[in-house]
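Here is a short note to read alongside the structure. Please keep the display open while going through the points.

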Amino acid sequence: MSQVNNKKIKLVSVTNRNLKDLYFLISDKKIVGNFQPHYGRPFLAFKHKFSKTKVKYYLVKNKMSGELLGYAYWAPEPRFNSFEIGATIIPSQRGQGYGLHSHQVLISLLEKKYKCDRIQAITASQNANEIAVLNKCGFLCEGTLSKAGKIGNRFLDLCIFGKIIRKK
Ligand SMILES: CC(C)(COP(=O)(O)OP(=O)(O)OC[C@H]1O[C@@H](n2cnc3c(N)ncnc32)[C@H](O)[C@@H]1OP(=O)(O)O)[C@@H](O)C(=O)NCCC(=O)NCCS
């Protein structure tokens, strides 16, 4: 299974072999938090969806112990040379730098391996934790889409954050 590392964490590619771990994370409301939807359908439906997706998912693991910490992903923008990224850390593991490290590993991978020109991340305007991580990674808020997200009956304003990798 392919993986990318830094000092503290490793990002392990999700395949059919470890897909249940991703399903466990992505279908738990408490883990995905208040600003993104959880996956609400059975595992077999998720497996089918996963087989068609263009999104590249990783399990975030502690590099030393192998403990599951969360998940991260990148998705190519279909027309241009830019990518969207995101990460989710299990609540009990937050506040230890794992979210920041996950973003940094994804950025480095997209920059070096995929030679991308721009990376973006979209998050709810109230998601202070994610916004703090994005600012630390050098992203700038480029605008807000009013009521563009909906979780249950609650509308969310979504902020688009961009990081320019190559200017020319
Ligand atoms: C967003 C998320 C991934 C951050 O992960 P984390 O592991 O808790 O964050 P980190 O510990 O790496 O924090 C990184 C830095 O941001 C700072 N930070 C985090 N939350 C902050 C906040 N609310 N206000 C100010 N600074 C904050 C930390 O202090 C830390 O700074 P430091 O390196 O100087 O100490 C995590 O909160 C999460 O999984 N949230 C739910 C899922 C989610 O909303 N994901 C984003 C989807 S768009």
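This is a predicted model: local features need pLDDT of at least 70, side-chain atom pairs count only at pLDDT 80 or more; totals for chains, interfaces and linings use all residues.

1. Residues are numbered from 1 along each chain as its sequence is written.

2. The chain has 5 helices and 8 strands (DSSP runs numbered from the N terminus: helices are H or I of at least four residues, strands E of at least two). Read from the N terminus, their order is β-β-α-α-α-β-β-β-α-β-α-β-β. The chain is as compact as a globular protein of its length, because its radius of gyration is 15 Å, close to the 15 Å that the globule rule gives for 168 residues (taken over C-alpha atoms; the rule is 2.2 Å times the number of residues to the power 0.38).

3. Helix α1 (residues 19-26) packs against helix α3 (residues 43-52) at an angle of about 110°, and their axes are 11 Å apart (axes are lines fitted to C-alpha atoms over the stretch in contact, and angles run from 0 to 180 degrees between N-to-C directions). α1 is therefore roughly perpendicular to α3 (the term covers 65 to 115 degrees).

4. Which residues of α1 and α3 meet? L19, K20 and Y23 in α1 meet F43, F46, K47 and F50 in α3 (contact is C-beta atoms, placed from the backbone, within 7 Å). By class, the residues of this contact are 5 nonpolar, no polar and 2 charged (Ala, Val, Leu, Ile, Met, Phe, Trp, Tyr, Cys and Pro are nonpolar; Asp, Glu, Lys and Arg charged; the others, Gly among them, polar).

5. There are 23 residues around the ligand, and G33, R94, G99, L100 and A132 come nearest (a residue is near if its C-beta atom, placed from the backbone, lies within 6 Å). Elements giving two or more residues to this shell are β5 (82-89), α4 (98-112) and α5 (128-136). α5 gives the most, with 6 residues. The shell has 9 nonpolar, 11 polar and 3 charged residues.

Conventions:
Angles under 35 degrees count as roughly parallel, over 145 as roughly antiparallel, 65 to 115 as roughly perpendicular and the rest as oblique. Two residues are in contact if their C-beta atoms, placed from the backbone, lie within 7 Å.
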